[in-house]
Every structure is written in C-alpha cells, then in structure tokens.
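Subject: Structure handover

Dear colleague,

Please find the structure below.

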Amino acid sequence: ADIALSHVRSADGGSSWSKPARVNRPSDRLSAHHPGENPQIVAMGDRLIVVWTQQRPGAHRGGVLATAVSDDGGATWKAGNTPAPPKVGSQTFAEFATDGQTVHMAWLDSREGRQGLRYARSSDRGETWSADRPLAPRTCDCCWNSLAPLAEGGVAVMYRGDEPRDMMLLTSRSGDTWRNHGSIGQFNWQVRGCPHVGGALFTQGNAIHTLAWNGKDELFGLYYVGSTDAGNTWSRPRKLGYDDARNADLAMSLSGELHAVWDESGTRSSSIERARSTDGGQNWSAPERIAAGADVSYPRVAATRHGVAVFWIDGSVRRGASIMVNGKPLPTL
C-alpha cells in the first residue's frame, strides 16, 4: 500500500498549521516500523531534511535509509542523498541533528550480521555525506537512538547497549575520533531481549541532559541523569514518574526551563506526563498530567518562541493513530 509521509508547519506555536505537503514519492515505500522508529527532520533556515527507512522490495520490514529535502520551508520536496547504503542488512532507527553548520546522522545497521551503531555527517546541508563509520559493533535491536550537538562542533550519541542493556553515550569533537562514556546511570541491567524503549537527549554547550529508562527490578523506571562537562562527570540518577513511566523526551524553553515528558500505562488507561526543572535538572517539579485516554503514548516536546509544544500519539482518534499537539490533532493529507 502507498503510505504518504507528509509535512506540516506552524508559525504560531501550533495554533494553526500549513496545508500538508507530501515528502516521499509514491514509489518510496516506508518500512513497517517499531514504535519510536519514526522519520526524523532537521531544519537549517528554509532548508529541511527528512530521513526514514525505505522498505526493500519483497521485504516485510527494514531496508535502507532514504532522505528528502526542501528549500522552501516544506512547501515542496525532492529526493535527497544518504550515506552509501549497504548491499545487505538494514538501516533503521536513524537520528538527525545539526548545529547549523554540520548535519549529523546515526542509525542502527545490520550489515555485519548483527545490529550495530553507525554514523555519518554532512558539511553541505545534506548534499553529500561522509563515509559512514561504525561507532558500536553491537547494540540492542529495536530501541531508538538520540543525537545532539555539543560545543565547538562536537556531537553526542545515546543508544541502548547490548551488555548491559543500559543507555550508553558516545561523544566526539570532530566526528572522526570518539569517546565511549559507557552506561548512563550505571544501572547494569542484564537481560536478553529488547524493551523497545530508547532515551532522550538534550544538550546546551557542553551540558548534557538525558532521560534513561531501565528494567532492572530494584531500579525499574525512568531516570534523569545529567552532566555539566560533556560527559566527564554525571549527576546521580533522579527517578521521574511512577514505575511504568517510559518513552520520554526532553527540551529546554527559551527561558532555560527543562521540560521532560513521558507516557504511563495503567490497566485501563494511559497518560502523558510532564515535569519541569528550573535549575538544570538538579530538582524537578511534581509530574503534571497533560493528557489521558485509552491509548495515548510516545510524547515528544519542542520549544518554540511561542512556548513549549507537546506532541503525542492517540490511538483512539479517527479509528487509528493520530498525532496530537497540545490536545489537537495535526492535519493530514
């Protein structure tokens, strides 16, 4: 079936939206994906770049990375370039970020016969890409990655490791040499199996803010862990929400307030929760419920000049999953 990937844009903090524009071509088949394996977008002025996993003919899921670019703020789109795709294996869970000069991309790749983390960058707004390189030879199979720029052209990548199944952090100053910071939170969760839960990463200069979920029995739940020195030292983990808090995201408002969002699933309903920190993650407010329903999940948060917008999926709307922003559904094609 033809699956349309569409783009909409708001200039007023989400109160109104542009007419949807199709991003992918009808011949571009989006791969069936796990939750969290969503198309990603970066913006450099009116230059927008979107990446997703394109299904190979005859394959049930998985495939190669595909991109589309727009030079008019999303009104029109054309096919873009990607790092050289492998002849075997699949590329999934791509993550994008830009510091305004360089576009960074990380993804999970199975060309070596097992899932590993790879990286490439572009210095010309996505026109061409560096040769992709391995960052971690083995990772968890189906947890999404997070990527964010650091000061002076650096970059940080967070992913879920293989042994232990903790969230892991890598940093680089150039994209060529990388430092492995190991486990975020040092939970040492040992399990064979994929929890299908990634983390959240936000950076400001050399400050790194993370949300890491782990399933270790005595430490089950979602935790904030932060660093003020690019990952050299870390704060103690601070638990957010109840034990079933997961699928989190982070953003910082223009006033410097950190916003953490996540979902919680009960026996009969689920909710979207938010907490705030005004001191760089040292202390957090009590959770605030911003949405509830039979099937609300996977929130994302973004800071704009009009305030903070929270997006989530509501599986009970229009007989299928609709993306909600501040309680209202986005327009669709």
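The notes below start with the basis of the model and then go through the sheets and residues.

This is a predicted model, in which local features need pLDDT of at least 70 and side-chain atom pairs count only at pLDDT 80 or more, while totals for chains, interfaces and linings use all residues. Residues are numbered from 1 along each chain as its sequence is written, and side-chain values use heavy atoms, with hydrogens and water left out.

Sheet E3 to E6

Four strands make an open antiparallel sheet in the order E3-E4-E5-E6. Strands here are DSSP runs (E, at least two residues), numbered from the N terminus, and two of them pair if DSSP finds at least two bridges between them. The edges are taken by E3 (40–44) and E6 (78–79), each of which has a single partner strand, so one side of each lacks a neighbour in the sheet. E3 is joined to E4 (residues 47–55) by 5 bridges, and the two run antiparallel. Within this pairing, glutamine 40 has valine 51 of E4 as its bridge partner.

Sheet E15 to E18

A sheet of 4 strands, also open and antiparallel, has the order E15-E16-E17-E18. E15 (200–204) and E18 (238–240) are its edge strands; each has a single partner strand, so one side of each is without a neighbour in the sheet. From one strand to the next, the twist averages 25° (axes are lines fitted to C-alpha atoms, and angles run from 0 to 180 degrees between N-to-C directions). E16 and E17 pair antiparallel over 7 bridges, with leucine 211 opposite tyrosine 224 in E17.

Leucine 219

Leucine 219 lies in the loop between E16 (207–214) and E17 (221–227). Its relative accessibility is 31%, so leucine 219 counts as partly exposed (buried is under 20%, exposed over 50%, partly exposed in between, with a 1.4 Å probe and protein chains only). Neighbours within four places in sequence aside, leucine 219 is in contact (heavy atoms within 4.5 Å) with Phe187 and Asn214.

Aspartate 249

Aspartate 249 sits in strand E19 (residues 245–252). Aspartate 249 is buried and has no salt bridge; arginine 300, the nearest side chain of opposite charge, is 4.6 Å away. A salt bridge needs a side-chain nitrogen of Lys or Arg within 4 Å of a carboxyl oxygen of Asp or Glu. The side chain of aspartate 249 does reach the backbone nitrogen of valine 301, at 2.9 Å. Beyond its neighbours within four places in sequence, the contacts of aspartate 249 include Leu211, His259, Arg300 and Val301.

Regards

Note on methods. Lys, Arg positive; Asp, Glu negative; His and termini not counted. Polar contact = N/O pair within 3.5 Å; in protein donor to acceptor, adjacent residues only side chain to side chain.
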